[in-house]
Amino acid sequence: MLPADGQNFEQWLESRVARFATRRYDWDALKFQADYDPKYRRAQMRYVGTGGTGVATDMNTVPAAHFTFSTMVIPAKHEGPSHIHYDVEEIFFMLRGTLKVICEKRDASGTVTDRWETVLKERDLISVPPGVYREEINIGDEDALMCVMLGSPTPIRPVYPPGSPLSQLKR
């Protein structure tokens, strides 16, 4: 990738820096889930691209070429509902807090055929392959803060399990 037309090397590289001071937590990116059930309230802070939350554009991010990168805050006792990415690997890297991650395989009818869970703490990481349902639950008493990376510059929106009421909600 080379500088865009009209940009010198310094301008180009400066456009690829996302500073914490210019970020804000977006509590609205997944608000449709929290409106359904407050336990799903969480926030995204985008750095590279817009991630898989359904946010179409964010001019305050570094353009995504190969992946997206954001941080996510999940308040104590809140969770990210079960969902699947068919097209991308998703990585969670814990910065602080305690998160239970549940991964499942389901058959065509939506019946769980395999289930696995683990607890992630500070500096733990999980890479969830495409085609595996994942759910994150903050089981700690403080906000959980994690980095989230998706292996595509424009991932397909996640899908909820068959029968999940979230699959019927409008974003």
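Select C103 and R134 to begin: in strand β8, R134 is the bridge partner of C103. Strands here are DSSP runs of E with at least two residues, numbered from the N terminus. The model is a predicted one, in which local features need pLDDT of at least 70 and side-chain atom pairs count only at pLDDT 80 or more, while totals for chains, interfaces and linings use all residues. Residues are numbered from 1 along each chain as its sequence is written, and side-chain values use heavy atoms, with hydrogens and water left out.

Next, display β5 together with β8 (residues 133–138); the two run antiparallel and are joined by 6 bridges. Two strands pair if DSSP finds at least two bridges between them.

Strand β5 (residues 99–106) and strand β6 (residues 112–120) are antiparallel, with 8 bridges joining them. Within this pairing, select E104, whose bridge partner in β6 is R115. Then move to the hairpin of β5 and β6, where 5 residues lie between the strands; there, G110 takes a positive phi near 95°.

C103 is in no disulfide, its nearest cysteine sulfur being that of C147, 18 Å away. For C147, the closest cysteine sulfur is in C103, and a distance of 18 Å is too far for a bond.

Finally, colour both cysteines by accessibility. C103 counts as buried because its relative accessibility is 10%, buried meaning under 20% relative accessible area with a 1.4 Å probe and protein chains only. C147 is also buried, with a relative accessible area of 13%.

Definitions and conventions:
Helix = DSSP H or I, 4+ residues; strand = E, 2+ residues; numbered from the N terminus. Disulfide = S-S within 2.5 Å. Buried < 20%, exposed > 50% of the residue type's maximum accessible area, 1.4 Å probe, protein only.
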